Amino acid sequence: MGRFLPIAKLTSTGANMRGKNTQINIILTQIRALMATAENKSFAKAAETLFVSQPTVSYQIKILENELGVQLFARDAHSVELTPAGLMFYSSITGLYEKTIQLVRDVQQLDSHSAQTLNIGVHAAFCSYPCAIVAHFNEMTPEIKTSVRSLDSIPSLQALRRGEIDIQFLFRGELGVEEGIEFALLNMNRLCVNMRKSDPLAAQEIITLDDFRNRTVFIPVQISYSREIVELRRMIAKRNIPVEFVVNEDFSRGFTSVRSGEALTLFAMGDMTEPIPGIAVIPLSPPTTVEYGVAWKQDNQFPPLRAFLDYLLG
């Protein structure tokens, strides 16, 4: 939602300069026209900002001036400037406009969170740790309802941007540069390599980069863009180690490939609380860790979300 949002009428009853009562009806469409014109010093540029025609902006300003009974702008052939009265009105109304917009957002957001349910996103392949956290939170705060959704990497970020979930457990590398999204680190997970137990590498205590030679290695998309994985691949390329990396969005396919002996899979060891039948888990050397935490929209003031963040980070 942009800054300039037409939504309602502001009505004020008071006394005019002659001492008579007058009712002033100002709609926010007029306020946003005033603000855009003042900031751009041009009706034409204000119209471009608001995606309307120039006559529409001029008309809204004229109605506003008639309602107030004062001239807000001094006009000439090249520009428009606020009059002293216009500057006073603009300085005062800007804060009120922003508060009104925020109030509407808060009310709409509250209505969208029916029954005060906190919507939490997790990845199916990395769910044991966040689900344990949510279960304990539910015990501590039974008055807050939670709903856990299992989402893949890209759909989870889309759901977060659209407000369909309030908070997402994820690896830092998934975010990239996301404007308006906050990230908090929960832990560092060491990378390990998964293979079937009959693989010759399964007898080793560690897996080195040279062990990737002539192998296919699946990388879960959740960690594929982390700086640690990028650096790991750079090191392998620098050493001319032939290896085929496959970024894999379907985690179950990755483990199917491991079980068949077709490929190895990189995995974040911190989330593996139980062994996987038939699969060996060997730490990677040099030791490599990836950041794991939670992400949420900065402007989300939903009280259950704030309570959950206090629980996680407080």
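This is a guided tour of the structure, stop by stop.

**Before you start**

The model is predicted, so local features need pLDDT of at least 70 and side-chain atom pairs count only at pLDDT 80 or more, while totals for chains, interfaces and linings use all residues. Residues are numbered from 1 along each chain as its sequence is written, and side-chain values use heavy atoms, with hydrogens and water left out.

**Whole protein**

Show the cartoon. The protein has 10 helices and 13 strands. Helices (H or I, at least four residues) and strands (E, at least two) are DSSP runs, numbered from the N terminus. Colour by burial next. Of the 314 residues, 43% are buried. Buried means under 20% relative accessible area, exposed means over 50%, and partly exposed lies in between (1.4 Å probe, protein chains only). Now consider contacts, meaning heavy atoms within 4.5 Å. Among those between residues at least 6 apart in sequence, 72% join residues at least 24 apart.

**Stop 1: α1 and α2**

Select residues 28-40 for helix α1 and 43-50 for helix α2. The two pack at about 125°, with axes 8 Å apart. Those axes are lines fitted to C-alpha atoms, for helices over the stretch in contact, and angles run from 0 to 180 degrees between N-to-C directions. The angle makes α1 oblique to α2. Angles under 35 degrees count as roughly parallel, over 145 as roughly antiparallel, 65 to 115 as roughly perpendicular, and the rest as oblique. The crossing of α1 past α2 is right-handed. A crossing is right-handed if the near helix is turned clockwise from the far one by less than a right angle, and left-handed if anticlockwise.

From α1, pick Arg 32, Ala 33, Ala 36, Thr 37 and Asn 40; from α2, pick Phe 43, Lys 45, Ala 46, Thr 49 and Leu 50. By class, this contact has 5 nonpolar, 3 polar and 2 charged residues. Ala, Val, Leu, Ile, Met, Phe, Trp, Tyr, Cys and Pro count as nonpolar, Asp, Glu, Lys and Arg as charged, and the others, Gly among them, as polar.

Stay here for Lys 41, in the loop between α1 and α2. Lys 41 has a positive phi of about 55°, although it is not a glycine. Most residues other than glycine have a negative phi, and most peptide bonds are trans. With a relative accessible area of 44%, Lys 41 is partly exposed.

**Stop 2: aromatic pairs**

The structure holds 8 aromatic pairs. Rings of Phe, Tyr and Trp (its six-membered ring) pair if their centres lie within 6.5 Å; planes under 30 degrees apart count as stacked, over 60 as edge-to-face, and the rest as tilted. How are the rings of Phe 43 and Phe 73 arranged? Their centres are 6.4 Å apart and their planes at 65°, so the pair is edge-to-face. Phe 43 sits in helix α2 and Phe 73 in strand β3 (residues 73-75), 30 residues apart, so the pair links distant parts of the chain. Both Phe 43 and Phe 73 are buried.

Move to Phe 308 and Tyr 311. This pair is stacked, at 6.3 Å centre to centre and 25° between the planes. The two residues are 3 apart in helix α10 (residues 303-313), about one helical turn. Is each buried or partly exposed? Phe 308 is buried at 0% relative accessible area, whereas Tyr 311 is partly exposed at 29%.

**Stop 3: α5 and α10**

Keep α10 on screen and show helix α5 (residues 128-140). They pack at about 110°, axes 11 Å apart. The two helices are therefore roughly perpendicular. The crossing of α5 past α10 is right-handed. Ile 133, Val 134, His 136, Phe 137 and Met 140 of α5 meet Ala 307, Phe 308, Tyr 311 and Leu 312 of α10. This contact has 8 nonpolar, 1 polar and no charged residues.

**Stop 4: backbone details in two loops**

Go to the loop between β12 (279-283) and β13 (289-297), where Pro 286 lies. A cis peptide bond joins Ser 285 and Pro 286, with omega about 5°.

Next, find Asn 240 between α8 (227-238) and β10 (243-248). Its phi is positive, near 55°. Asn 240 is exposed at 63% relative accessible area.

**Last stop: Asp 199**

Asp 199 lies in the loop between β8 (181-196) and β9 (215-220). At 9% relative accessibility, Asp 199 is buried. Asp 199 touches Arg 215 and Leu 264, not counting residues up to four places away in sequence.
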